[in-house]
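Q: I would like to learn how to read some features of a model from its coordinates. Please give the general idea each time, then the case at hand.

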Amino acid sequence: MITKAVFYEFIKKYWAWLLIVGSAFLFYLLWSMHIPMNLCPDEYMRFDVPLWILRNHRLPIGNETELLNPIWGTSYAFSPYFPSIVAVFFMKIAACFSNDYNVLLHAARLVSVICGTLTVLLCLFIGRELFKRSGTKFLFAVLVGFLPQFAFLSSYLNNDVPSVCFSALILFSWVKGMKSHWDLKSCVLLGIGIAFESMTYYFSYAWIVLSVVVPIVSVFMDDSIKMKHVFLAKRTGLVFGIFMILAGWYFARNFYIYDGDILGSKFSSACAEINALPEYKPSAKANYKTEGLGFSAVLFNRVWHKISVYSFLCVFGYMSIYANFMVYKVYFVGVAFGVAMCAIFFIGKRSKFRKKTMRENNLELTSWNEIILMSGLILAMIIPYCLSMYFTWSWDYQPQGRYFMSALIPLMYLSSYGYEILTEKTQKYISKQVNLSVFIGLSYIELFFYVLFSLIIPNCWGN
C-alpha cells in the first residue's frame with residue numbers, strides 16, 4: 001500500500017521528472033485536440049488505414065479500393081503502419097462513446113502524443129545513465145521534447161514520432177547492454193526496439209543496422225566476456241527471437257501477399273503506376289536521377305539543406321508556416337555549439353585513453369564502449385540525413401526534416417554532452433551555483449514559448 005509519506009517522498013525525488021514529462025504530455029495532448037487536419041502532412045491518408053481496420057476488422061492489403069488515394073494512386077497500407085495498428089486500440093475505446101470522425105481522429109492521435117511523451121521519459125532514463133550532472137539529464141530531455149518540430153509531430157498521427165521513440169528505446173538498450181556486459185534484460189529491450197522500429201518507418205532503419213554492429217563490436221571489445229562467439233550466438237538468438245515474435249508476422253504477411261516484397265515498396269509503385277493521375281505516376285515523375293544529374297546536385301544544393309534544417313527545427317503545416325530567421329539561427333547555433341564542444345572535448349579526452357566511469361555506480365562504461373557508443377550515435381545522426389538526400393535525388397525533391405527526425409536523439413545527446421563538459425571546464429571560473437546546462441535548458445524553454453505564442457497559437461491551433 002502506498003502511504004502519504006511514500007507518495008510525498010516520490011514527488012520530492014522526481015518532481016523535475018514529473019514536471020518535464022507532464023508538461024510535454026499536456027502540451028502534445030492539447031495541441032492534438034486543436035490542430036486542424038489540413039495542417040498535418042499526410043495525416044488524411046495515414047488516418048485512412050486505422051479507420052479502415054476499425055470498420056473491416058482485419059488488416060488491409062495496400063490496394064484496397066477505399067484506401068487508394070485518387071491523386072497518388074496508392075496507400076499507406078503498403079508501407080509499415082504499426083502506429084496505425086496501435087491507433088485502432090484507442091479508436092475502439094472512443095467508438096464506445098461516439099463514432100464521430102473527429103472523435104476517432106483525436107483518439108488515433110494519442111499514439112503520437114504518447115510516443116512523444118515516452119521519448120521524453122526515455123531521454124531522462126538515458127541521461128541518468130550517461131550524464132554526471134542532473135542538470136544535463138534534464139537538458140537532454142528538454143532539447144528533445146520541446147523542439148517545436150518534435151512537438152508538432154507529437155500532435156497528429158504520423159510514423160515520425162514513434163520512430164524517434166523506438167530509436168530512444170534502442171539507444172537505452174545499447175547503454176544498458178554496454179554497462180551490464182549485455183545481460184538478458186538489455187537484449188530483450190534491444191529486440192523490442194528493433195521489432196517496433198522495423199514496423200514503423202523506413203528512414204529510421206539505420207538504428208536497426210547499427211543495432212547489429214554496435215553490440216557485436218562492444219562484445220568483442222569487452223574483456224569480461226569469455227567465449228565471445230558462443231555468447232554472441234546466444235544473445236543474437238534471443239534478440240532475433242523477440243524480433244520474430246513481435247514483428248516476424250508482419251514481414252511474413254508482406255512476403256506472402258506481395259510476392260516476396262517484404263517492404264511493399266515495389267507493389268506500391270506498381271499500384272501507383274496503374275491508379276495515379278497521369279502527372280503523378282512514378283514513370284512521369286522527374287527527379288535529379290532521371291534528368292541525368294549526379295548525386296552532387298543534391299549534396300551541394302544549399303537551398304535543399306537550408307529548408308531541410310529549417311523543417312527539422314520549426315516548420316508547420318504543409319511546409320508553409322515558417323518562423324522568423326532569428327528563431328532558426330538561435331536553435332541552430334545553440335545546438336551546433338554544444339555538438340562542437342562535444343567534438344573538441346571528447347577528442348581531447350580520448351588522447352588519454354583509459355578506463356573511466358561515466359556515472360558513479362557499480363557498472364562501468366569503458367573507454368572502448370564510450371567510443372563505440374559515440375560512433376554509433378554519429379552514424380545514427382548522419383545516415384538518415386543521407387537517406388533523405390538520396391530520396392530527393394532518386395525519387396522526389398522533398399527537403400523535409402521529418403524524414404530524418406530519427407537523428408534527433410543522437411544530435412541532442414551530443415549537444416547536451418558538449419554543454420556538460422563545458423560546464424565542468426568553466427566551473428572554476430564561475431560560481432558553483434551557476435549551472436550552464438540548466439541555464440541553456442531554461443533559455444530553450446523560453447524560446448519554445450516564444451514560438452508558441454508568436455507562431456503556433458496564431459497559425460496552427462485551430463478552434
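Q: How many disulfides does the count come to?
A: A disulfide is a covalent bond between the sulfur atoms of two cysteines. The rule used here asks for a pair of cysteine sulfur atoms within 2.5 Å, and by this rule the count comes to 0. Cys 40 is in no disulfide, the nearest cysteine sulfur being that of Cys 460 at 9.1 Å. Cys 314 is in none either, with the sulfur of Cys 460 as its nearest, 8.4 Å away. The model is predicted: local features need pLDDT of at least 70, side-chain atom pairs count only at pLDDT 80 or more, and totals for chains, interfaces and linings use all residues. Residues are numbered from 1 along each chain as its sequence is written, and side-chain values use heavy atoms, with hydrogens and water left out.

Q: Is Cys 40 buried or exposed?
A: Buried means under 20% relative accessible area, exposed over 50%, and partly exposed in between (1.4 Å probe, protein chains only). Cys 40 has a relative accessible area of 0% and is buried. Cys 314, at 0% relative accessibility, counts as buried too.

Q: How many salt bridges are there?
A: A salt bridge is a side-chain nitrogen of Lys or Arg within 4 Å of a carboxyl oxygen of Asp or Glu. The count by this rule is 7. One of them pairs Asp 42 with Arg 402, the closest N and O atoms being 3.0 Å apart. This pair links distant parts of the chain, 360 residues apart: Asp 42 is in the loop between H1 and H2, and Arg 402 is in the loop between H16 and helix H17 (408-426). Helices (H or I, at least four residues) are DSSP runs, numbered from the N terminus. Asp 42 is buried at 18% relative accessibility, as is Arg 402 at 8%.

Q: Which other pair links distant parts of the chain?
A: Lys 132 forms a salt bridge with Glu 424, at 3.2 Å between the closest N and O atoms. Lys 132 lies in the loop between helix H5 (110-130) and H6, whereas Glu 424 is in helix H17, 292 residues apart. Lys 132 is exposed, with a relative accessible area of 53%, and Glu 424 is partly exposed at 32%.

Q: What is the volume of the largest cavity?
A: Rolling a probe the size of a water molecule over the atoms shows where empty space is left. On a 1 Å grid over the protein atoms alone, a cavity is a set of points where a 1.4 Å probe fits but cannot get out; a pocket is an open set with protein on both sides within 12 Å along at least five of seven lines, and lining residues have an atom within 4 Å of a point. Grid points are joined across faces, edges and corners, and a volume is the space filled by probe spheres set on the points. The largest cavity holds about 60 Å³. Its lining includes Pro 41, Tyr 156 and Arg 402.

Q: What is the volume of the largest pocket, and which residues are closest to its centre?
A: The volume is about 1300 Å³. Of its 37 lining residues, Tyr 76, Phe 203, Phe 391, Trp 395 and Tyr 403 are the closest to the centre.

Q: Which helix gives the largest share of the lining of the second largest pocket?
A: That pocket has a volume of about 550 Å³, and H18 supplies the largest share of its lining, 9 residues.

Terms used:
Helices (H or I, at least four residues) and strands (E, at least two) are DSSP runs, numbered from the N terminus.
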